[in-house]
Amino acid sequence: MIRLNDITSQVLSYHPKADIELIEKAYVYSAKVHQGQIRLSGEPYLSHPLEAAYILTQLKMDVICIAAGLLHDVVEDTHADLDEITELFGEETANIVDGVTKISKIHFKSSKQRQAENVRKMILAMSTDIRVILVKLADRLHNMRTLGFQAAEKQRRIATETLDIYAPLAGRMGINWIKSSLEDLCLFYLEPEIYASIKDLTALRQGEMGGLLKEVQEILTDELAKANIAATIKGRQKHFYSIYKKMVAQDLEVGQVYDILAFRVIVNTIKECYEALGHIHSMWKPVSKRFKDYISVPKANMYQSLHTTVFGPANERMEVQIRTWDMNRVAESGIAAHWKYKEGKAARKTDEKQFAWLKELLDWQKNLLDPQEFLDTVKMDLFPDEVYVFTPTGEVKSFPKGATMIDFAYSIHSEVGEKCSGAKVDGRMVPLRAPLKNGNIVEVITSPKQHPSKDWLNFVKTSKAKTKIRQWVKTQGKDESISLGRSILEKALQQERLTVPNLFKSEQILAVAKEFSFQSGEDLVAEIGFGKISATQVVGRLRPKLAEKEESPLGLVGKVVSRLTRPKGDAGIKVNGMSDMLLHFANCCQPLPGEKVLGFITRGTGVTIHNENCRHIKEADPDRLVAVSWEPTEKNSYPARLRVITVEGKGILADISAIFSLKDANIIQAEVKTTVDNKGIALFTIEVEDYAQLQDIIRSIKKVRHVLMVERLQDA
């Protein structure tokens, strides 16, 4: 079993000035809280955090990271809490322990590639300090090494999770020895017969392979030296999982796999890479179609090397990789590809920065003097624009940053989104507009009485949610718009003395609807109600399709009825070319003839006319606004409210009243009060014919002596 002294000695070997007191303190605390706990292997539980911490020393990690390795299970498996860890070991150590604890709670339930990728993304997104991932990898490696003490079913589950999640993470982080170790251990539990066959094959050929490794290294070193190429040669037997992948890819039996030896030739320049390749091919015959030039065309993760397979001594197949020292540093230091990368796609600038950051992170071990200098470097949000959350069944879903519970509900199903009345995050109720956070377990609560609200559009982020909400709102408003549009169209037809029996079933209406690219007469009439199409346009296209109604002579009764039903001679407002159609004037701004106005299509009460500067119309739904204009009309009176502020003095009200009389404006209501600083405030409601008359009155009042301000009040 690893002992504390093994860990501290290793740390001091690469960081002689390290303050190992924190590690010793973490060891004592971990031993205390884990006391009495036994692993399935029969060893004290403390053996596990000690082994994980030792693996971290092999990665040459800093003191804080190794202390976190010793403490990584205390919150999850003992009575210890995070506040105590923060108090005793500092916030950084506690944050790493907290991150590892959260990752340990993720239960991976699917081996689908997309799900595996999402879980890997989630782990990275949750780990703002990359040391969280390194501690978790060390934890997983030791657990895999002792997996044999678990039940068979659990062995397969953990091995599958490791192969899909943690081995790729180690590879993307550039820690290839951990990646290979994890893969070989996973193969042992997932494909035990194949593992045994590969082990037998390598054992059978162990003696000859060992001699061949030495022989090839000597030949390559001598031959390249004769060509004045200084090269370092490294040889090894391929990992079991690498051999297994070759068997699967080429549909081979174990006995058909021959190239189980791999050599790496490291030279000084790119030119020497190609020269070395030429010499190797001249010494040994290359295997057809087994050459890859990743120098000219690097992999998406910036990996560069020449790969070839040759028939070496004794006609043994061997894989040879040729690269420069710089290329080798890149390959070994782990320039981890961003998770969004796909083969053949170009890198974004933000991803290139992450490449550089990850390379520096793993390069710092070589020149480690003071780990404190790197603490800012090892903290970074890898996915600032994405969040990853769980469904109650364990499926991982990704969303844009800022997405809410409503976005989540619509991602499950449109009906779930429409009926979403509440949501729980990790078992607690949260508002519907609450943003999703990495690692949340989200449960949607639905109600048959719940319907989408247009307000949801103000905070949802996903296009699916926005589209579905808009569709629902539009569908709900359609019935009201059909009713309003029918009324507007029928009055427009009546004014033009045209008749369309069975309006929605009329062939003529359907023909006009198709001219406007609608499928039915209801769709056309709804657009009139929405204010998107004017009734004048529709009537204009209907007229040629309809026979004009003959005028019948009116008797005395008919003339009286006509006077009662005829619109009041262009009563003042025209909506899209029609007069006096279900209109009423807004009380908030009391629009006057002559000023710019807009119509708002209300639900069930026609069109309300507002001054275009009215606060309410500016905040209104633009889809329900319709263009309106004033028409010449008989003289009518319209209310207007004025506020006049004056300096206290005799005869001022009399002068103002005289102006109203002179300008032919009737005073409906007046209210006067005096302020503490001896100013007078008078509120008048008067009747005027139009906007021009009101402006004339305001100008005249402003000229009255002692008047400080005159303004029109336009809000109730």
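## A buried serine

Ser 47 is buried, with a relative accessible area of 1%, where buried means under 20%, exposed over 50% and partly exposed in between, for a 1.4 Å probe and protein chains only. This model is predicted, so local features need pLDDT of at least 70 and side-chain atom pairs count only at pLDDT 80 or more, while totals for chains, interfaces and linings use all residues. Residues are numbered from 1 along each chain as its sequence is written, and side-chain values use heavy atoms, with hydrogens and water left out.

The place of Ser 47 is in helix H3, residues 47–58 (helices are DSSP runs of H or I with at least four residues, strands are runs of E with at least two, and both are numbered from the N terminus). Apart from neighbours within four places in sequence, Ser 47 has contacts with Met 1, Arg 39 and His 142, contact meaning heavy atoms within 4.5 Å.

## A three-stranded sheet

Strands E10, E9 and E11 form, in that order, an open sheet with antiparallel pairing; two strands pair if DSSP finds at least two bridges between them. The edge strands, each pairing on one side only, are E10 (428–430) and E11 (442–446).

Strand E9, residues 420–425, is joined to E10 by three bridges, and Val 425 has Arg 428 in E10 as its bridge partner.

## A partly exposed methionine

Met 709 belongs to strand E21, which covers residues 707–713, and Met 709 is partly exposed, with a relative accessible area of 35%.
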